[in-house]
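Trainee: I am new to this structure. Can you show me how to read its aromatic rings?

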Amino acid sequence: MRILLINPSSSFINKSWAYRKFFTPIAPLGIAYIAAVLEKNGFEVSVCDQFADRLDDRALLDTISSQKPDLIGFSALTPVIGDIQRLTFKIRKLDKKIKIVLGNIHATCFPDEVLEQAIADIVVRGEGENTMLELCQRLASARGLEGIAGVSFKAEGKIVHNPDREVIPNLDSLPFPAWEKFNLDNYTEVPLVAIKNSRAFPIITSRGCNYRCYYCSQDKIYKQVRYRNLDKVADEIDYLHDRCGIKMFGFSDAYFPINEPSGLEFCDIMIRRKLHKKVKWCTETRVDKVSRRLLQAMKEAGAHLIMYGVEVGNQKVMDSLNKGVLVEQAMAAFRETRKAGILSQGLFILGLPGETVQTCNETIKFAKALDCDLAKFNIAMPYPGSRFFEDYKKMHSISSPEKFTSWSDWGDSSGELIYTPQGMDSNSLRNLQRKAMLEFYVRPKVIFRHIFKGSITCGNILYGGYWLMLLFFSGIIKRIKNGIMRPD
């Protein structure tokens with residue numbers, strides 16, 4: 001049985017000059033794990049990262065024609081579901097016998113819609129490795145889908161949801177991701193985390209999260225927290241460095257380190273095995289999980305950058321998110337990160353429930369006060385799988401699930417955002433986002449810091465500055481025009 005796993009391209013990014021520049025490919029970890037599990041169990045597996053390989057639909061269909069797969073699996077994130085729907089229509093015209101399977105967060109949250117719209121024949125819900133393996137074993141032996149935990153499908157015109165599958169209890173039982181199946185040189189630039197000219201790949205030490213932040217959908221896929229043996233994580237780093245020439249790793253955990261003892265243990269392993277001389281790494285963690293001692297150890301162990309999910313600068317809004325941290329803890333975390341000599345990135349959200357223009361401006365001011373090296377300002381979006389989304393569903397019908405993404409916040413200044421808090425509209429929220437980026441980055445000390453450190457190239461500084469100012473002032477002009485044209 002031949003299987004082709006596809007990471008689809010995004011028509012939105014492809015048609016947006018700004019996104020093409022800054023949203024560079026990230027190696028798809030889920031596909032790499034599933035490919036490794038299937039191959040270990042005797043299946044003939046190939047992968048295609050349509051986005052990273054810059055393949056148009058015709059080129060992808062040519063690949064499918066030459067490989068003649070029996071099954072195609074798509075990684076279905078909400079922003080690309082329209083692209084997948086377009087592709088599956090063309091694939092069925094090419095060969096109706098190919099089984100089409102969708103997995104990942106969108107398929108997990110919207111299995112009925114995916115099957116009703118005939119985007120897929122089968123949906124894999126939740127964690128995908130063992131479900132895909134059993135599914136392929138059943139199909140290879142021409143047996144039915146009854147009893148396969150974690151799948152949804154249509155039978156006699158009716159949608160069938162088999163019971164959920166239990167999570168994989170031991171993550172170290174999984175083989176290392178099959179990165180050798182990918183074009184490794186597609187993943188060498190990640191401007192948003194100051195990575196350039198280095199093969200950069202994701203890695204995990206855990207799945208799941210002990211926290212239940214209001215805006216996050218982490219626990220929709222990973223319903224139970226599990227941790228890997230840190231020596232096994234180091235084995236993977238060593239193996240992938242030696243076999244694949246990977247010199248930069250990004251931890252894709254909900255947050256890592258999970259605490260000081262675990263972080264110190266990992267740093268000790270990296271240093272003892274001299275891996276800190278071979279590779280660098282970046283991670284995302286919480287501001288209440290680091291200390292001066294830990295940060296100093298992380299720097300010695302090869303930490304390149306730490307992303308902190310700060311979210312907001314107003315404590316009342318922070319408390320409403322069920323995040324369980326104080327703004328003062330954020331100040332301390334960034335201060336100690338700078339002292340340790342590690343690059344930092346602040347992740348912020350504008351327009352959460354209960355927010356006002358004033359609280360958004362407080363977040364912008366707070367971001368500048370934190371003095372992080374990089375900052376990202378997202379517009380609040382009720383992502384499928386989050387409690388935010390569940391609250392949104394109580395008051396709104398979900399007729400177009402593919403719109404639940406903030407990818408279009410920057411590029412499209414026309415249509416209305418899915419969500420805006422009371423008292424704010426789409427234009428004012430977009431303008432606040434652009435103002436935030438402009439005020440944060442267009443400061444002499446920030447520009448000179450990046451030129452001195454080489455963390456952002458001069459070309460990207462000029463390119464980004466032009467883009468920011470163009471969007472910001474075009475937004476102001478639009479608001480002025482709307483004001484002039486609005487009747488009294």
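Mentor: Keep in mind that this is a predicted model. A pair of aromatic rings is described by the distance of the centres and the angle of the planes.

Trainee: How is the pair of Phe-256 and Phe-266 arranged?

Mentor: Edge-to-face. The centres of Phe-256 and Phe-266 are 5.2 Å apart, with 85° between the planes. Planes over 60 degrees apart count as edge-to-face, so this pair falls in that class.

Trainee: Which parts does the pair tie together?

Mentor: Phe-256 sits in the loop between β11 (248-251) and α12 (260-272). Phe-266 belongs to helix α12. The pair therefore ties together parts that are ten residues apart in sequence.

Trainee: Is Phe-256 buried or exposed? And Phe-266?

Mentor: Phe-256 is buried, at 1% relative accessibility. Phe-266 is buried too, at 0%.

Trainee: Which residues do ring pairs link into a cluster?

Mentor: Trp-179, Phe-182, Tyr-187 and Phe-201.

Trainee: Which residue lies over the face of Tyr-211?

Mentor: Arg-286, at 3.6 Å from the ring centre. Likewise, Arg-443 lies over the face of Phe-440, at 4.9 Å from the ring centre.

Trainee: How far apart are Gly-309 and Gln-345?

Mentor: In sequence, 36 residues. In space, 8.6 Å, C-alpha to C-alpha.

Note on methods: Residues are numbered from 1 along each chain as its sequence is written. This is a predicted model: local features need pLDDT of at least 70, side-chain atom pairs count only at pLDDT 80 or more; totals for chains, interfaces and linings use all residues. Side-chain values use heavy atoms; hydrogens and water are left out. Rings of Phe, Tyr and Trp (its six-membered ring) pair if their centres lie within 6.5 Å; planes under 30 degrees apart count as stacked, over 60 as edge-to-face and the rest as tilted. Helices (H or I, at least four residues) and strands (E, at least two) are DSSP runs, numbered from the N terminus. Buried means under 20% relative accessible area, exposed over 50%, partly exposed in between (1.4 Å probe, protein chains only). A charge sits over a ring if NZ of Lys or CZ of Arg is within 6 Å of the ring centre and within 35 degrees of the ring normal.
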